[in-house]
Structure formats: structure tokens, C-alpha cells
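Visitor: I am new to this structure, and I would like to learn how its features are read. Could you take me through a few of them?

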Amino acid sequence: MLTLLFDGIAYGMLLFVLALGLAVTMGLMNFINLAHGAFAMAGGYILVLMMQKAGWPFLACLPVAFAGTALLGAVLERTIYRPMYGKPHLDQVLFSIGLTFMAVAAVDYAMGSSQQNVQLPEWLRQRFEFGSGPWMLGMGAYRLFIVVSCVALALGLQAILSRTRFGSRLRAAVDDPRVAAGLGLPVDRIFLLTFAVGSGLAGLGGALGADILGVEPTFPLKFMVYFLIVCAVGGTSSITGPLVAALVLGIADVMGKYYAPKLGAFIVYVLMIAILLWRPQGLFTREAGK
Amino acid sequence: MTRRHTLITLAIAALALGTGAAQAQSDTVKIGVILPMTGQSASTGKQIDAAIKLWVAQNGNKAGGKKVEVIVKDDAGVADTTRRLAQELVVNDKVVALAGFGLTPLALATAPIATQSKTPLVVMAAATSSITEASPYIVRTSFTLPQAAVSIAEWAAKNKIKKVVTLVADYGPGNDAEKFFADRFVLNGGSVAEKLRTPLRGPDFAPVLQKVRDAAPDALFVFLPSGQGAQFMKQFAERGLAKAGIRLIATGDVTDDDQLNDMGDVALGVVNSHHYSAAHPSPANKKFVEAFEAANKFRPNFMAVGGYDGMRVIYNALNTTKGAGGEALLNAMKGQIFESPRGPVLIDAQTREIVQDIYIRKVERVNGQLYNVEFDVQKGVKDPGKLK
């Protein structure tokens with residue numbers, strides 16, 4: 001029981017890091033980026049390549065995965081995303097889903113379609129167990145590591161957004177780019193940085209989750225639905241929203257597969273429908289919404 | 001205008017007739033191979049394609065006194081595409097045989113075309129038992145999941161395994177594996193505590209594995225499509241199931257030769273049943289593996305051997321019919337007996353299904369590489385799905 005709860009939290013945390021970048025670009029920059037999963041996949045492949053080909057240790061690969069995808073995100077933002085900001089949402093969706101398909105095909109061509117394997121270091125393969133019977137808590141070190149790093153990330157990001165100058169500039173730039181630019185804020189650069197960090201987070205999520213979610217070319221399509229559910233349920237105006245949504249979904253998914261295996265993966269969708277019927281704007285959106 | 005139009009139509013018709021006639025007289029027979037060369041199951045396509053090329057390289061491009069031309073098409077694992085490609089191959093290219101078929105739905109979608117055009121269809125990969133019943137023109141050279149599942153059930157019952165939980169991917173072959181394993185295991189006095197299924201696209205096994213652990217069986221029987229095996233075994237180890245005294249038994253798809261080496265130490269000691277291992281100790285297999293590895297950068301797996309034997313069945317049949325197709329070719333395929341790299345096999349004349357030895361293997365490290373090492377065998381296993 002507790003073990004399941006823990007697994008659910010770990011899964012939810014992973015979803016959170018993966019979806020956070022999407023929530024940021026969607027909520028803060030008002031841009032729908034369906035290619036978000038492609039960045040996550042890029043992070044996963046960077047991790048796999050660094051570990052297999054260059055022989056880097058797992059921990060060292062994580063920052064590289066973040067930096068690599070952030071850089072990729074920055075370059076793409078500069079070159080192809082920026083002209084899309086002013087376009088209607090349908091154009092953005094078509095554009096970014098196209099990018100996703102290109103990424104899938106490109107990775108398939110370059111790396112092959114099979115699942116890539118990650119060899120975790122020994123200390124992440126341990127398992128801690130406490131208590132016994134139905135209240136036994138078993139925690140894999142790797143999942144524990146995911147939970148801890150994701151909590152740290154969430155706290156850090158929340159602090160940056162609400163406490164720092166960059167955070168307030170970003171919020172200002174999002175609320176009204178024209179006025180913000182008129183006041184001398186470098187809106188373009190703020191967006192560039194935000195997009196890069198969002199992509200980097202996706203990459204980090206892809207790398208962190210490589211061992212649980214798998215790394216393969218169809219990754220962006222397979223998990224796009226989950227990202228979107230997290231954003232839809234959690235709302236996109238804060239970090240708390242997606243966090244809570246991701247946790248709820250993660251726990252519901254794991255519990256559902258355990259207690260009602262026949263329903264299996266469907267539980268998540270039922271839950272989404274129920275929550276959206278109850279709060280169509282998402283769990284944590286300001287009443288008016290966009 | 002109308003007159004010119006008629007003339008052009010006539011000209012085209014004449015041309016078409018001309019080429020048609022030319023084709024009928026030509027000394028070339030064509031074999032249409034449809035494989036998933038891209039998409040999720042691309043590794044299946046890659047393996048079979050390599051095996052077909054190897055067969056042609058070793059045996060030349062002549063059979064039954066005619067030149068053999070192999071046309072390979074990519075269906076990306078989408079059934080609609082397979083069907084369309086099969087239609088094109090039959091109608092436009094006039095192939096004498098269709099072959100390939102990486103997944104069950106792809107073979108089933110194409111079955112009606114084989115029946116209508118009386119074209120023999122050789123299934124080189126897909127493993128659901130019912131496929132050969134979909135058309136009287138289907139011949140199979142791969143294996144059926146019941147063959148593998150029943151063999152490991154026999155072995156488990158004899159090796160102090162009393163209580164089992166089954167875990168299969170929720171689709172045709174998975175359901176086959178679950179049913180036939182459970183039936184045979186219960187028949188031999190064992191009990192199945194729980195039958196679990198995971199969605200095909202659900203790569204996190206945490207909840208089901210926790211369920212297995214709580215049920216505390218002697219062993220967990222697993223079937224997953226090749227590709228998910230590595231992920232599964234890692235989580236099996238991580239969750240401490242082995243330490244809790246639960247053994248892992250599986251069909252050979254889980255320890256697919258293609259990916260076994262990348263799985264690492266978690267795969268060591270897994271007992272599984274299958275019809276082919278790259279480590280099969282026979283001279284025929286040694287030759288096959290050497291030639292295959294020399295031509296490609298990877299090891300042949302059970303898909304490759306299905307493709308290789310499929311080509312052999314077609315070549316042998318063409319030799320018998322002197323290059324004729326249709327019913328004659330189909331009949332020449334039935335009842336073939338030969339020594340495959342996997343061991344002696346027979347194409348059952350009644351069911352058009354392959355009859356073969358199923359080996360019980362254990363994953364071991366041989367010369368620094370992971371292999372499925374065979375240690376027991378069930379001789380001449382017919383598809384249990386058709387023994388009623």
C-alpha cells in the first residue's frame with residue numbers, strides 16, 4: 001500500500017518535470033508547443049549516448065542532458081519558434097506537431113527504432129524496505145532519487161518565479177509584452193531564456209525517466225497525452241497546479257493498475273474527465289482564466 | 001478531340017497488353033516481401049530482411065529454373081498499408097508468393113488477398129496461433145506462442161514450481177500465451193494465482209510487479225513483445241522479486257537475442273522457452289550465425305531464422321513446381337522437412353504450421369556475451385492451438 005503510494009509519487013514527479021516546461025510555455029508564453037516531448041526524448045538520447053558511447057557516469061549526464069536540450073531549445077526558439085508566437089493557436093499546433101513527427105522520423109533514422117537501455121550505477125539499484133504486511137514501504141533507490149531531485153527542482157523554480165527579478169520580469173512580459181517592452185524589458189531575451197529552460201527541464205525529465213519510461217523514437221507521441229493532461233488538469237498559471245495534477249495522475253495511474261488492472265491505463269482519463277467537469281479551468285487557475 | 005482521345009486510350013491499352021504479355025513469358029518469378037522496416041517493429045524487419053539477403057547470397061537468385069526477384073516493401077507495422085502493398089504486389093507485380101508479416105494484425109489483414117488471388121503467403125514472424133486459419137494459403141515458418149508457452153509450462157511443472165502468476169502484454173499473442181500456459185500448467189497439477197495483463201504501451205511495470213510480489217508465487221511467467229524485455233527485467237530486479245524467492249520464467253521473446261546483450265546482468269539466469277537461440281549448438285546454426293554476423297553488425301534472432309527458413313520453403317517449392325505459382329506452389333510448400341539453423345523442422349501438411357523442437361534455455365554469459373543457452377528440449381512440438 002505505502003509502496004504503491006511511493007511508486008505513484010515517483011511516477012507523478014517524473015510527469016511533473018516532463019510537463020513543467022510545457023506548462024511554462026503554454027501558460028506563461030501562451031504558446032502551444034506539442035513538440036515538447038521531442039525535447040524530452042532528446043534529453044533521454046543525450047543521456048544514453050553519453051553513458052554508452054562516452055562512458056560518462058549517470059549523475060554527470062543529467063546536467064549535460066539539461067544543458068544540451070536547453071541549448072537546442074534556445075537555437076530552435078531563435079530560428080523557427082519565434083515567428084510562430086504571433087500566429088493563431090491552430091497554426092502553432094500544426095507547426096509543433098509537424099516538428100514532433102520530424103523528430104520521431106529523424107531519431108528513428110539515426111538511432112534505430114528499438115528501445116535504448118540505460119545501465120544505472122549500483123547505488124541507484126538498491127532497495128530500502130521498512131515495516132511489514134500491508135503497511136510495508138519498499139523504495140527503490142532510483143525512484144527515491146527521482147522524488148528528491150524533482151522536489152528540489154519544484155522548490156527552486158517556484159522561488160525563482162516568485163522571488164527573483166527575473167521571475168517578475170517574466171510575469172510582466174507575459175501579462176503584456178508590449179507594455180513590458182515599452183518599459184525597457186528585453187522581452188525577446190526573456191522568452192528565449194524561458195523557452196530554453198522549459199526545454200531543458202523536459203530534457204532533464206527525459207533523462208531522469210529514461211529507465212522507467214524508456215527511450216525510443218515514439219516517445220514524444222506516447223507521452224504527449226500525459227503532458228497535456230497534466231497541463232489541462234493542473235492549469236498552467238503556476239507551478240503548484242501542474243505539480244499537484246502530476247502527483248494525482250501518477251498515484252491514480254499506479255493505484256488503478258494495481259487495484260483495477262482491467263481498467264488499467266484508462267483510470268487516468270476518467271479522472272481527467274471528472275476533474276475537468278468539476279473545474280473546467282483546471283485545478284489551480286485564477287477564476288477568470290485566459 | 002474525341003478521336004485523339006480514343007487513339008491515346010487504344011495506345012495505352014496496347015502498351016499495357018504488350019507489357020502484360022511480356023511478363024507472362026518472362027523467366028522471372030517475383031516474391032513480394034512485406035516487412036515493418038520503420039516504426040516500432042523495425043528491428044523485426046531489419047532481421048528478416050538481412051536473413052533474406054543472406055539466403056539469396058548463399059543460394060543464388062535461381063529457383064525452379066527461373067530467376068527469382070525479391071521485392072521488399074515497408075509497411076511500418078500498419079495493417080492497412082500491409083494490405084494495400086500486398087494488393088499492389090499481387091496485381092501489378094504478379095508475385096508468386098507473399099512473405100514477411102511482422103505482426104499478427106498485418107498477417108490477418110492480408111489473409112483475404114492471399115485467398116482471393118490464390119497466392120501462397122509465408123508468415124515469417126507473426127506468432128498468434130489463429131493466423132494460419134485465416135486463409136488456406138497461409139504457411140508459417142516462424143513459431144506460435146502456444147508452442148513456446150506450453151513447453152515452459154511443462155518444464156515449470158516438473159521443476160518444483162507449484163504456484164504461478166502470469167503476466168502478458170494485452171494483445172493477441174499475449175492472450176494466446178496466457179491461455180495456453182495456464183491450461184497446460186493447471187493440467188500438470190500447478191495453480192495459477194493470478195493472470196495479469198499490461199497494456200502494450202504501458203512501459204512502467206511498477207504496479208503489476210508489486211501485485212506479483214504481494215501474491216508471492218513460486219514463479220512469474222512472462223510474455224512481452226521483444227523490446228520490452230530489458231525494461232521489465234530491470235524493474236523485476238529492482239523490486240526485489242528475485243530476493244523474495246520468485247523465479248522468472250518467460251517465452252524467448254523476452255530475452256530476444258537482438259537485445260539480450262544490452263540487458264546486462266539482470267537477464268542472467270532467466271529460464272525461458274523458444275524455438276531458436278543464436279547459441280544453438282549445431283553445425284548448421286554455426287554456419288548460419290557466422291555468415292549472418294559477417295554480413296551484418298548484429299546477431300541473428302528468432303525473426304531472422306523465420307525469414308531464412310521462409311525463403312528456403314519458397315525456393316524448395318519453386319524447385320518442385322518449376323517456377324509455377326498458385327495452388328501448385330502451395331502444395332509444394334506443405335510437408336517440407338529440412339534441417340533449419342534452429343534444428344529439424346517440418347511444415348505440417350494439414351495445418352500449414354511449422355512443427356519444431358522447443359528449447360528450454362537459461363541466460364548465461366558465454367565469452368563475455370549474454371546468450372540463451374539451451375539445456376532441455378521438447379521434441380517436435382505441434383501448435384497446441386490446433387490440437388482440438
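Visitor: Where does B:Lys118 lie?

Guide: In this predicted model, B:Lys118 lies in the loop between α4 and β5 (121–123) of chain B, where helices (H or I, at least four residues) and strands (E, at least two) are DSSP runs numbered from the N terminus. Residues are numbered from 1 along each chain as its sequence is written, chains are lettered from A in the order in which they are written, and side-chain values use heavy atoms, with hydrogens and water left out. Local features need pLDDT of at least 70 and side-chain atom pairs count only at pLDDT 80 or more, while totals for chains, interfaces and linings use all residues.

Visitor: What is to be noted about the phi of B:Lys118?

Guide: Most residues other than glycine have a negative phi. B:Lys118, although it is not a glycine, has a positive phi of about 55°, and its relative accessibility of 45% makes it partly exposed, a class that lies between buried (under 20% relative accessible area) and exposed (over 50%), with a 1.4 Å probe and protein chains only. B:Lys322, in the loop between α11 and α12 (326–333) of chain B, also is not a glycine and has a positive phi of about 55°, but B:Lys322 is exposed, at 60%.

Visitor: Is B:Ile246 buried or exposed, and which residues does it contact?

Guide: B:Ile246, found in the loop between α8 (229–238) and β10 (247–251) of chain B, counts as buried because its relative accessibility is 4%. Leaving aside neighbours within four places in sequence, its contacts (heavy atoms within 4.5 Å) include B:Val212, B:Phe236 and B:Leu241.

Visitor: How are two packed helices described?

Guide: They are described by the angle between their axes and the distance between the axes. Here α5 (residues 141–163) and α6 (residues 165–175) of chain A pack at about 70° with axes 5 Å apart, the axes being lines fitted to C-alpha atoms over the stretch in contact, and angles running from 0 to 180 degrees between N-to-C directions. That angle makes α5(A) roughly perpendicular to α6(A), a term for 65 to 115 degrees. Among the residues that meet are A:Ile160 and A:Leu161 in α5(A), and A:Phe166 and A:Leu170 in α6(A).

Visitor: Which residues of that contact are nonpolar, polar or charged, by number?

Guide: The contact of α5(A) with α6(A) has four nonpolar, three polar and three charged residues, where Ala, Val, Leu, Ile, Met, Phe, Trp, Tyr, Cys and Pro count as nonpolar, Asp, Glu, Lys and Arg as charged, and the others, Gly among them, as polar.

Conventions
Angles under 35 degrees count as roughly parallel, over 145 as roughly antiparallel, 65 to 115 as roughly perpendicular and the rest as oblique.
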